[in-house]
Every structure is written in structure tokens, then in C-alpha cells.
Amino acid sequence: MAKLQNLDPITSMFAQFKEKTGPIVLANTFVVPKERTEAFLTLFRRQAEFMKTQPGFVSLQMHKGTADSQLLMNVAVWESTEALATAFGSPEFQRMAAEFPDDIVSYPHIFEQVDV
């Protein structure tokens, strides 16, 4: 299973699940060894297909770092933290998540839009 790390040292994604808010954006940055990129994307696409069927899902995009970067970033929009937490905690999603190799590191964080 990929290692989950906190992007914000004082606020974990799991703590954010308790915040009842929405709509929200999940930004999840992955550090993926270059030789695992295609295998990672194959597994991720399966997860994405599952998530797209879940209540509260809005949209999803995957981005790859430039200049030979090892980083990939998923940006997913959900109606609420509750919807995301329910989908993330489902047994089917957890089975798929367990398939990711241990040398992949994931930095998930939940955001809400602010006016600028």
C-alpha cells in the first residue's frame, strides 16, 4: 500500500474528514518512481472508475510533473467531505488502495474554495 503522508504537518486528511463542508477539492500528490509510472496509472484508473460512481463525486483530473519529475497529482472535486470520506472508507476502494506498491508516497489534502 502507498504510504500516506501529511502535506500539512498539523492537519491530517483524516482530521479533515471530520470537517463537514463542501464542495471540496482533494489534491493528492504522489511520488512515483519513474519505472512504476505506467503501472501506477493503470491502478489509479481503476480507482478513478470506482470513485466516479460514488455519490457526491463531481470530477477528477490527473497531472504529471514536468521536466522528468516523479510527481503525479490527482485533483478531485467532491460535493462534501462526508461523500469523499464514505467513498475512501469503502471496502472496495481500500482493496484497490492496498494494491499500490510500498515505495509510492501519497500526500493527500482537502481544500475548499476561497474568493480572491
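How do the residues lining the largest pocket divide into nonpolar, polar and charged? I started my notes there. Before counting, a reminder to myself: this is a predicted model, where local features need pLDDT of at least 70 and side-chain atom pairs count only at pLDDT 80 or more, while totals for chains, interfaces and linings use all residues. I number residues from 1 along each chain as its sequence is written, and side-chain values use heavy atoms, with hydrogens and water left out.

**Pocket**

The lining divides into 20 nonpolar residues, five polar and no charged. My classes: Ala, Val, Leu, Ile, Met, Phe, Trp, Tyr, Cys and Pro are nonpolar, Asp, Glu, Lys and Arg are charged, and the others, Gly among them, are polar. For the search I worked on a 1 Å grid over the protein atoms alone; a pocket is an open set of points where a 1.4 Å probe fits, with protein on both sides within 12 Å along at least five of seven lines, and lining residues have an atom within 4 Å of a point. I get a volume of about 360 Å³ for the largest pocket, taken as the space filled by probe spheres set on the points, with grid points joined across faces, edges and corners.

I listed 25 lining residues, and Asn 28, Phe 30, Gln 47, Phe 88 and Phe 93 lie nearest the centre of the pocket. Next I went through the elements; helices (H or I, at least four residues) and strands (E, at least two) are DSSP runs, numbered from the N terminus. At least two lining residues each come from α1 (13-16), β2, α2, β3 (57-64), β4, α3, α4 and β5 (105-111). The most come from α2, which gives four.

**Cores**

A nonpolar core here is a set of buried Ala, Val, Leu, Ile, Met, Phe, Trp, Tyr and Cys residues joined through side-chain atoms within 4.5 Å. Buried means under 20% relative accessible area, exposed over 50%, and partly exposed in between (1.4 Å probe, protein chains only).

The largest core has 17 residues, and I noted Met 51, Trp 78, Leu 84 and Ile 110 as the ones touching the most other members. β2 (24-31), α2 (37-52), β4 (71-78), α3 (81-89) and α4 (91-97) each supply at least two of its residues. The largest share, four residues, comes from α3. I also found a second, separate core of 11 residues, including Val 32, Leu 41, Ala 48 and Ile 104.

What does Ile 110 contact, leaving aside its neighbours within four places in sequence? Taking contact as heavy atoms within 4.5 Å, I wrote down Met 13, Gln 16, Phe 17, Ile 24, Val 25, Leu 26, Thr 81 and Leu 84.

I checked Ala 83 too, which sits in helix α3 and is buried at 13% relative accessible area. With neighbours within four places left aside, Ala 83 contacts Pro 55, Gly 56 and Trp 78. Its C-alpha is 10 Å from that of Met 51, 32 residues apart along the chain.

**Rings**

I searched the whole structure and got nine aromatic pairs. Rings of Phe, Tyr and Trp (its six-membered ring) pair if their centres lie within 6.5 Å; planes under 30 degrees apart count as stacked, over 60 as edge-to-face and the rest as tilted.

Phe 14 and Phe 88 have ring centres 6.0 Å apart and planes at 65°, so I logged the pair as edge-to-face. This one links distant parts of the chain, with Phe 14 in α1 and Phe 88 in α3, 74 residues apart. Phe 14 is partly exposed at 43%, whereas Phe 88 is buried at 17%.

Phe 40 and Phe 44 are stacked, 6.0 Å centre to centre with 25° between the planes. They are four residues apart in helix α2, so about one helical turn separates them. Phe 40 is buried at 2%, and Phe 44 is buried at 7%. I also noted that ring pairs link Phe 14, Phe 17, Phe 88 and Phe 93 into a cluster.

**Backbone**

Most residues other than glycine have a negative phi, and most peptide bonds are trans, so I looked for departures. Where is there a cis peptide bond? I found it joining Gly 22 and Pro 23, with omega about -5°; Pro 23 is in the loop between α1 and β2.

Ala 67 has a positive phi of about 55°, and Asp 68 has one of about 65°. I have Ala 67 as exposed at 75% and Asp 68 as exposed at 55%.
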